[in-house]
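Here is a short briefing on one chain and its ligand. The topics are the ligand shell, the annotated spans and the overall build.

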Amino acid sequence: MSNETIDISIIAPLYNEEQVFSLLIERLTAVINKCGFSCEVILVNDGSSDATDRLVEEQCKKDPRFTGVLLSRNHGHQLAVTAGLSYVRGKKGAMIIDGDLQDPPELITDFYKILNDGYDVIYAVRKNRKESMLKKMAYKSYYRFQKSISSFSIPIDSGDFSMISRRVVDIMNDMPEQSRYLRGMRAWVGFRQKAFVYERDERHAGETKYSWSKLFQLAFNGIFNFSDFPIKIITRMGFITVLVSLIFFGYNLYRKLFYNDVPQGFTATILTIILFCGVQMISLGIIGEYVLRIYNQVRNRPLFVVDKVIQEGKEKTE
Ligand code: UDP
Ligand code: MG
């Protein structure tokens, strides 16, 4: 399978997905057999501790249409997809799916049609979520908040499930940012983008690999990497605080000068101190988030470390 003959590369990140693996391969194989254009599948093993790495190796040695990228340790979903993107050989572009079959790979033919109509990004938008009430609410409010503060339009309720053209793959591979929020980066690129509404399936087997803390990290990246709002809110809080304290100051001065009765104020003093300690700590934290991102960026470490690549049925030495 040479580079020239591949149209689309399908990227699936896998972290401890041994229970889903055989069905995933079955469905992907069926899809690439009958879709009518040429596909390769890039399976990224994100440092799994179960049998996923062995399964990926076996599959890629058996079927040369599968490429295996085995990372040196768990790097997280966004970096696993980033690693996959850097191995894309598809000359038309790439499709990104989750490895747990929540994103039906069969939609590739619909996406491909839209790509051929001249769109550069086809992003899937979830009609229904099959997660817990709490998660649904958290997602819903997060996406809306994120949209309202971001400096350009990031679509609501769309995850990483998408098809992107070759030029978008190249641009994203050239984006050097260390903390990666792929759905934001994809929207940032621009060109013609189209939503594709779909029904998100339930995870086929196993548990979600996104803990609440990983979700928060992702959400933070979405907010801090794509908006100046947090830093601006500090300035606004500062102005409001000064305004309120000036009113308070004027009132007390007036009472002191004309009535000589300054209120007792112990509680008010303590509450004010606590409140503004909190405000200052939050403000420092917000500045810290930006500083941390600058630090990560200037340290300029490689985004991921690859242990092994299996391509064309053979282990490739880097
Ligand atoms: N994943 C990964 N590395 C991680 C966490 C997740 O490669 O550190 C993969 C996982 O195997 C799955 C996809 O990313 O294929 C989405 O993860 P998951 O299904 O756990 O997230 P959810 O759908 O619950 O948001
Ligand atoms: Mg999932």
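The model is predicted.

**Ligand shell**

**Annotated spans**
- The UniProt record, an unreviewed entry, places the feature "transmembrane region" at residues 233-254 and at residues 266-292.
- Residues 233-254 are 100% helix and 0% strand in the model. The end C-alpha atoms of this span lie 32 Å apart.
- Residues 266-292 are also 100% helix, with 0% strand. Here the end C-alpha atoms are 38 Å apart.

**Overall build**
- The chain contains 10 helices and 9 strands.
- Its C-alpha trace spans about 90 × 40 × 35 Å along the principal axes.
- The radius of gyration is 25 Å, whereas a compact globule of 318 residues would have a value near 20 Å.

**Packing and contacts**
- Of the 318 residues in the chain, 30% count as buried.
- Take the contacts between residues at least 6 apart in sequence: 82% of them join residues at least 24 apart.

Note on methods. Residues numbered from 1 in each chain as written. Chains lettered and ligands numbered in written order. Predicted model: local features only at pLDDT ≥ 70, side-chain atom pairs only at ≥ 80, totals over all residues. UniProt positions renumbered as here; feature names shortened; annotations may be inferred. Helix = DSSP H or I, 4+ residues; strand = E, 2+ residues; numbered from the N terminus. Rg over C-alpha atoms; globule rule 2.2 N^0.38 Å. Buried ≥ 20, exposed ≤ 12 C-beta atoms within 10 Å, placed from the backbone. Contact = placed C-beta atoms within 7 Å.
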